[in-house]
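Reader: I have a model open and would enjoy a walk through its fold with you. Shall we look at it together?

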Amino acid sequence: MRELKDMSVLVTGGGSGIGAGIARYLAGRGARVTISGRRQEKIQAVANSIGPACLGIAGDVTVDADRHRMLEAAIAHGGKLDALVNNAANMYRQAVGEYTEALLKEAFDTNVISAMMLSSIAVPHLEKTQGSIVFIGSTHTRRAFPGASPYATTKAAVEGLTRVMAAELGRKLIRVGCILPGAVSTELNLRAGLFTAPQATERYAAVAPLHALGRIGTETEIAEAVEYLIRAEWVTGVALEVDGGIALGVSQF
Ligand SMILES: NC(=O)c1ccc[n+]([C@@H]2O[C@H](COP(=O)([O-])OP(=O)(O)OC[C@H]3O[C@@H](n4cnc5c(N)ncnc54)[C@H](OP(=O)(O)O)[C@@H]3O)[C@@H](O)[C@H]2O)c1
């Protein structure tokens, strides 16, 4: 296993939820972490709460110039780049029969193409460190939730991408992995305007029993898996379910 201490890690979408949890966890174990997101105040608040090991940079992953700025900031902050965690994403729900091209294009632009482009410009830097790329997929590619097909297909795309990228970048000794989280209470659905905060709490309570272990997960439990993927030197191309067993499809039938 590679040492986490002094690794330089860029985490997109680090101003809230799972991304903030990953940044806090890795910084707490000696990594130098750079986080990005569109809302400056969120990014700055998380960076301030973590301390000097964490640099916050406002930016939009769908904007090419911003992607370059994030990468350059991470290299300036950490002196190099050891890992890119493509975590930024939005929830996109739309019923089949009510699809709009605009929503589908935005979903793929944000959740898939941005991560592909950022990974692409990170390659020369990761080659120097024999580093890694981690995608955050979802249990939506294991369990079908009606209404969520736009989001689920973007997560299927990054999971598929993981295998091809791992195959292609293996000779450069760059490892690529994907984590498929089960439910974690974050602002993902709130930001999409899908539920109010009380409704979100109710929904997380309702989804807990679908997990074999009977509860939803925490940001830290996802961060532990990110740590594993960026440290494990002989693991690449995997999609790792970190989901309390929701993918098992447990049924009392
Ligand atoms: N929570 C769950 O149950 C769950 C389960 C499976 C997978 N996931 C995945 O986990 C990851 C983190 O989500 P989360 O649950 O922690 O939700 P979250 O708190 O809403 O985090 C997503 C972050 O992405 C950022 N973001 C969105 N669009 C962006 C853009 N265009 N440019 C830069 N940053 C952008 C958001 O910040 P700004 O709006 O400020 O840009 C936000 O901080 C996502 O990939 C999500 O799909 C979550």
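Reader: How many residues of strand β5 (residues 132–136) are buried?

Author: Happy to start there, after a word on the ground rules. Residues are numbered from 1 along each chain as its sequence is written. The model is predicted, so local features need pLDDT of at least 70 and side-chain atom pairs count only at pLDDT 80 or more, while totals for chains, interfaces and linings use all residues. A residue is buried if 20 or more other C-beta atoms lie within 10 Å of its own, exposed if 12 or fewer, and partly exposed in between, with C-beta atoms placed from the backbone; strands (E, at least two residues) and helices (H or I, at least four) are DSSP runs numbered from the N terminus. By that rule strand β5 is largely enclosed by the rest of the structure, because the number of its residues that are buried is five of the five.

Reader: Which residues cover the two faces of β5?

Author: In a regular strand the side chains alternate between the two faces of the sheet. In β5 both sides are covered, and the residues on each are buried: Ser132, Val134 and Ile136 on one, and on the other Ile133 and Phe135.

Reader: In what order do the seven strands of the open sheet lie?

Author: Two strands pair if DSSP finds at least two bridges between them. The pairing in this open sheet is parallel, and the twist from one strand to the next averages 20°. At the edges, pairing on one side only, are β3 (54–58) and β7 (238–242). The order is β3-β2-β1-β4-β5-β6-β7.

Reader: Which residue stands opposite valine 134 of β5?

Author: Look to strand β4 (residues 83–86), which pairs with β5 in the parallel sense over four bridges. The residue facing valine 134 is valine 85.

Reader: At what angle do α3 and α4 pack?

Author: Two packed helices are described by the angle between their axes and the distance between the axes. Here axes are lines fitted to C-alpha atoms, for helices over the stretch in contact, with angles from 0 to 180 degrees between N-to-C directions. Helix α3 (residues 64–78) and α4 have axes 10 Å apart, and the packing angle is about 35°.

Reader: Which residues of α3 and α4 make the contact?

Author: Two residues are in contact if their C-beta atoms, placed from the backbone, lie within 7 Å. α3 brings Asp64, Arg67, His68, Leu71 and Ile75, and α4 brings Met117, Leu118, Ile121, Ala122 and His125.

Reader: Is serine 36 buried or exposed?

Author: Serine 36 lies in strand β2 and stands opposite isoleucine 57 in β3. Not counting residues up to four places away in sequence, serine 36 touches Thr12, Gly14, Ile43, Ile57, Gly59 and Met70. Because 29 other C-beta atoms lie within 10 Å, serine 36 is buried.

Reader: What is the phi of aspartate 6?

Author: Most residues other than glycine have a negative phi, and most peptide bonds are trans. Aspartate 6 sits in the segment before β1 and is exposed, with 12 other C-beta atoms within 10 Å. Although aspartate 6 is not a glycine, its phi is positive, at about 70°.

Reader: Where is leucine 173, and what is its phi near?

Author: Leucine 173 is partly exposed, with 14 other C-beta atoms within 10 Å. The place of leucine 173 is the loop between α5 and β6, and its phi, positive in a residue other than glycine, is near 60°.
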